Amino acid sequence: MTENRELFADLARRLFSDHAGQAVVEAAEAGQFPSALWTAVAEAGLPQILVPEANGGIGADLPDACAVMQAMGAFAVPLPLLETIVARVALAQAGLESPDGPIGLCFIDASRSLENEPTVQWAGKTDAIVAIRLEEGGGRLAMIRNPLLTSRLTLSAEPGAAITLDAVDWARPVDGFEHLRLASTLNAARIVGALGWCLDASLAYARERQQFGRPIGGFQLVQNHLGGMAGHVAAASTIMEACASAEPGHSALHAACRARLGDAIDEVVASAHQVHGAIGFSREHALNFRTRRLMQWRDMFGSTPYWRSALSTGLIGRAPEQIWASLAGA
Amino acid sequence: MASALSALVPARLPAEAEALRAEVRQFLAQERDTGGLAAPTRLGMLYSEAFSRKVAARGWIGLTWPKKYGGGGRTALERYVLTEELLAASAPVGCHWVADRQSGPILLRFGSEEQRLRYLPGIARGELYFCIGMSEPGAGSDLASLRAKAERTSGGWVLNGQKLWTTNAHRAHYMITLARTSKEEKRHAGLSQFMIDLKATGVTVRPVRAMTGESDFNEVFFDNVFLPDDALIGEAGNGWSQVSAELAYERSGPERWLSSFALLAALMEVATGSMAERIGRLLSHLVTLRQMSISIAASLQRGETPNLQAALVKDLGTRFEQDVVRAVRDMVLSEGGSCATSSRLTGLLTSGQHLSPAFTIRGGTSEILRGVIAKGLDLR
């Protein structure tokens with residue numbers, strides 16, 4: 001980790017441990033926007049962490065922003081921070097003024113049905129929603145101040161709504177795929193943060209929880225679960241880091257990252273709950289605040305199946321050495 | 001985050017490694033054109049002395065070893081690129097594989113100067129092949145229970161016992177073996193590593209046929225085999241820690257997730273768009289394992305012994321290889337009619353199914369690896 005990145009990670013952890021305690025998360029899941037948390041995050045400049053300094057942002061690198069997202073995942077932070085970070089980058093690129101407050105974000109892709117009816121997290125509680133329509137070679141952006149919304153049940157239990165985009169003015173051309181990759185990479189970082197939390201919590205619980213007269217972590221079958229989790233978390237962390245520091249055009253790494261994370265989430269969530277037993281399933285336990293978010297994040301900004309297909313589509317029908325050359329980078 | 005995770009430090013391949021990649025690809029393309037490298041018709045390591053000599057002629061065996069031993073003096077990251085390129089192309093590198101991957105490095109690390117000068121140049125020329133003498137009939141996962149015994153005699157040692165599942169013993173010139181040299185209170189003490197000339201009196205190599213129909217591995221008997229003093233590698237009694245270091249080389253390479261790539265690639269060549277998602281899922285694991293391996297290569301370059309990282313990658317990698325075989329089988333069975341399944345694909349799939357149970361056993365079972373990981377997580 002670079003020095004800068006360590007600083008951002010510390011800052012985020014401090015902010016979240018001060019302002020995103022379990023009571024805040026629970027209130028958010030009951031529909032209440034965490035205003036004090038947002039104010040603290042905004043005062044630290046995090047919503048414009050990736051906006052260039054010339055445009056009034058912090059101008060940090062993607063790995064720095066990923067460090068903030070990892071902390072967000074670990075703390076199960078209920079805030080449209082990722083959405084606002086990407087929306088501000090996209091608005092700056094489109095030459096549009098950003099609203100001051102939080103911004104919702106969604107992508108659509110008519111040809112590949114990225115999301116048929118996009119659900120926007122925190123829709124209705126944000127100043128605006130930025131919608132990006134992906135098109136061959138680019139895309140178009142719309143900023144929607146008064147969206148037409150239908151409330152939706154979400155996996156995370158944070159508020160969310162489906163947005164109707166029929167009458168939207170797709171005002172500005174943008175590099176839609178670049179913004180999708182950015183959102184997807186930040187999403188990967190918060191997933192990795194939550195996965196790491198699940199492993200650490202499971203390890204701590206396995207050491208402390210006694211059954212049959214000894215800590216359950218002493219049983220080989222439980223160790224097997226934990227060892228398997230460690231592998232998936234290490235894999236997730238490695239591919240996310242590779243993706244965060246990749247050249248901008250390396251789409252295979254981006255697709256591989258999100259596709260691999262989808263499987264890591266399935267495995268880690270199952271094992272973390274298995275190690276925790278019934279207690280992790282009770283609503284008040286911290287574990288399920290992470291696992292519900294992991295279920296949600298798994299398929300946001302491109303679902304796991306979307307990214308799987310994105311990775312292989314251009315390679316099918318090619319000769320083995322061409323396939324390898326593409327996977328191993330040129 | 002847990003210690004097991006901070007262990008895998010992200011790494012990138014330097015420019016000189018990518019430059020070497022281009023050279024290796026050019027060599028492979030040339031071999032394809034001139035008949036030295038054919039598209040594989042079955043999964044599993046292929047053997048060709050002629051090919052090993054050609055690889056050696058390019059200076060690509062012992063790539064990281066010092067030049068005075070015939071090596072290339074290059075980095076572990078360059079060697080990583082070389083090995084992944086050779087394996088992805090299903091090149092027949094089996095003859096020199098073990099010598100290059102672990103026997104040579106063990107001699108460099110623990111051998112005497114005389115041993116290094118005696119064996120390393122021949123390995124680097126692609127002329128000396130090695131095999132690994134660890135497993136025995138009664139000592140599989142519990143390696144320390146081995147019974148091969150070397151007893152002191154004048155001018156050396158006398159070895160008796162048996163090794164099993166010794167890949168390539170029938171082609172190799174030497175074996176580096178682990179034997180008990182004294183009985184100690186601690187079972188991991190009193191073990192030593194020796195260099196065995198497989199043509200020595202008292203050594204018998206018999207093939208063991210595998211369920212694949214191939215006879216790549218063997219049983220090796222030692223009947224009063226005389227080992228001169230200079231056959232001892234490293235220190236007497238230090239065998240266990242030497243073998244542990246060796247396992248980091250044995251378990252960490254790309255062969256632990258690339259051995260089914262030829263099958264996946266053969267399917268992709270003829271696949272239909274309806275298979276895209278299932279193929280993409282497999283590729284996402286492959287791309288991730290590759291990044292993990294690059295991290296391990298960087299760790300080796302720093303002079304570390306990444307046993308925990310190697311266990312993580314081998315555990316995930318070998319499960320992935322089995323996953324590939326199952327997934328390709330199902331795609332061929334359910335939708336193969338809609339694409340041109342070649343006899344080559346069928347051959348790869350049949351041999352892949354036969355070979356797949358071995359992936360999670362050879363080089364350390366998944367259960368042993370999970371134990372190593374559990375230790376790394378401070379659970380043991």
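Student: Is A76(A) buried or exposed, and at what relative accessible area?
Tutor: Ground rules for this predicted model: local features need pLDDT of at least 70, side-chain atom pairs count only at pLDDT 80 or more, and totals for chains, interfaces and linings use all residues, while side-chain values use heavy atoms, with hydrogens and water left out. Residues are numbered from 1 along each chain as its sequence is written, chains are lettered from A and ligands numbered from 1 in the order in which they are written. Buried means under 20% relative accessible area, exposed over 50%, partly exposed in between (1.4 Å probe, protein chains only). A76(A) is buried, at 1%.

Student: Where does A76(A) lie, and what is its phi?
Tutor: Look in the loop between α4 (62-74) and α5 (81-94) of chain A; helices (H or I, at least four residues) and strands (E, at least two) are DSSP runs, numbered from the N terminus. A76(A) is not a glycine, yet its phi is positive, about 55°.

Student: Is D378(B) buried or exposed, and at what relative accessible area?
Tutor: D378(B) belongs to the segment after α13 (366-376) of chain B. This non-glycine residue has a positive phi of about 60°. D378(B) is exposed, with a relative accessible area of 57%.

Student: Why is chain A as compact as a globular protein of its length?
Tutor: Chain A is made up of eleven helices and nine strands. For its 330 residues the globule rule (2.2 Å times the number of residues to the power 0.38, with the radius of gyration taken over C-alpha atoms) gives 20 Å, and chain A is as compact as that because its radius of gyration is close to this value, at 20 Å.

Student: Which strands are at the edges of the open sheet in chain A?
Tutor: The four-strand sheet has mixed pairing and the order β1-β3-β4-β7 (chain A), where two strands pair if DSSP finds at least two bridges between them. Inside that order, β3 (residues 128-135) and β4 (residues 138-144) of chain A run antiparallel over seven bridges, with L134(A) opposite G139(A). The strands pairing on one side only are β1 (103-108) and β7 (172-173) of chain A.

Student: Over in chain B, which residue is the bridge partner of F194(B)?
Tutor: Strand β5 (residues 191-197) of chain B has six of its seven residues buried. It pairs antiparallel with β4 (residues 174-180) of chain B over seven bridges, R180(B) being partnered with L191(B). Two bridges, also antiparallel, join β5(B) to β8 (residues 232-233) of chain B. There, in β8(B), the partner of F194(B) is L232(B).
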